[in-house]
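Subject: Structure handover

Hello,

The structure you asked about is below. My notes follow it; please read them with the coordinates open.

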Amino acid sequence: MTDGILAIWKPAGWTSHDVVAKARGILRIKRIGHTGTLDPQVTGVLPICIGRATRVVEYVQERPKAYEAVLKLGIATDTEDMTGTVLEDRPGIRLTEGQLREALASFVGEIEQVPPMFSAVRVDGKRLYELAREGKVIERKSRRVTVHEIALISADLEQDYPEIRFSVVCSKGTYIRTLCVDIGRLLGVPATMKELVRTMSGGLTQADCVTLEQLRELQASGNIADKLIPADAPLEYMPRGDVGEITARNALQGKRIAFKYVRIEDAVLRESPLIRLYGHDGMFLGVYEPDAENETLKPVKVFTPV
């Protein structure tokens, strides 16, 4: 095993850093990193990049993520989930399924979110959660994120604190805790996130995942390669360009590549911010940025063979 991506099913109670540290110990490899933090109580898909694949972390993070969440109505907390201090307690909420569906649908598209105080966002050099633990609440700038899809899975509306399970596909930087609170605000009731599972990240799902226990077994049996995903697999959203043998050698040396040597539709080449480039033998050469003015591809991430 030299490099690639492993999809880990993160258990509850672990930080993303804990998972990376455990995987590093199991695999006995230093160069390893994850592609998007999950809160300790959240479970689900956590892709980790190994070896040279750490160079594509930023591109994997660009892809949409999918979640299943449980929203609890009638309770509001300072952390926006059930781990926090209760700020408002209002049992006996009564809503219809039609109201819920209408509220959820209104969040599809670009929306503004204010990051929660209990988050890793930095303000003036300090993490918001550090300020929150000091009992401070400061003004935060809203951020624009995108909700691609949202759907109601089930709703238990008869209990004193109704619970709604929904799925969502969203852009990076979306806080599902905050989405839950904002849904409640639209409905005119306090709300908090009770549960959260990440079901997709970097195009990978639970079917691609292994648990940490399974990872240990695969390492012991020498079968890690069976679950190792190529570094370029999550980059399929980038247009693909192909070059011949001589041009491929130049590309791996970090040289600029003239457009005329790249097999790709010209309009795509000129309009795409990034291109994934392949050699004549199908080998992934790296990520390149088109320079339309000079009609060349300039290297961004080169995957020189080890």
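Of the contacts in the protein chain between residues at least 6 apart in sequence, 67% join residues at least 24 apart. Contact here means heavy atoms within 4.5 Å. This is a predicted model: local features need pLDDT of at least 70, side-chain atom pairs count only at pLDDT 80 or more, and totals for chains, interfaces and linings use all residues. Residues are numbered from 1 along each chain as its sequence is written, and side-chain values use heavy atoms, with hydrogens and water left out.

**Overall**

The protein chain has eight helices and 19 strands. These are DSSP runs numbered from the N terminus (helices: H or I, at least four residues; strands: E, at least two). Along the principal axes, the C-alpha atoms fill a box of roughly 70 × 50 × 40 Å. The chain has 306 residues, and 47% of them are buried. Buried means under 20% relative accessible area, exposed means over 50%, and partly exposed lies in between (1.4 Å probe, protein chains only).

The accessible surface comes to about 15100 Å². Carbon and sulfur atoms account for 48% of that surface. The areas come from the Shrake-Rupley method with a 1.4 Å probe; for residues, only the protein chains shown count as cover.

On charges, there are 41 positive and 42 negative, and their mean positions are 7 Å apart. Lys and Arg count as positive, Asp and Glu as negative; His and the chain ends are not counted. Each charge is placed at NZ of Lys, CZ of Arg, CG of Asp or CD of Glu.

**Salt bridges**

A salt bridge is a side-chain nitrogen of Lys or Arg within 4 Å of a carboxyl oxygen of Asp or Glu. By this rule the count is 17.

Take Lys301 and Glu58: their side chains meet in a salt bridge at 3.1 Å, N to O. This pair links distant parts of the chain, with Lys301 in strand S19 (residues 296–302) and Glu58 in helix H2 (residues 57–61), 243 residues apart. Lys301 is buried, at 17% relative accessible area. Glu58 is partly exposed, at 39%.

Glu62 pairs with Lys172, and their closest N and O atoms are 2.6 Å apart. Again distant parts are linked: Glu62 sits in the loop between H2 and strand S4 (65–73), Lys172 in the loop between strand S11 (163–170) and helix H5 (176–187), 110 residues apart. Both ends are partly exposed, Glu62 at 43% relative accessibility and Lys172 at 42%.

Arg101 and Glu97 form a salt bridge too, with closest N and O atoms 2.9 Å apart. Both lie in helix H3 (residues 97–105), four residues apart, about one turn of the helix. Salt bridges that share partners also join Lys72, Glu163 and Lys194 into one network.

**Helix H7**

Which residues of helix H7 (residues 245–252) are buried? They are Thr247, Ala248, Ala251 and Leu252. These residues cover an arc of only 135° around the axis, so they are on the same side of H7. The arc is that of the directions from the helix axis to the C-beta atoms. An α-helix has 3.6 residues a turn, so residues three or four places apart point the same way.

The buried residues of H7 pack against strand S16 (257–258), strand S17 (275–278), strand S18 (284–291) and S19. Gly254 follows H7, with a positive phi near 80°.

Best wishes
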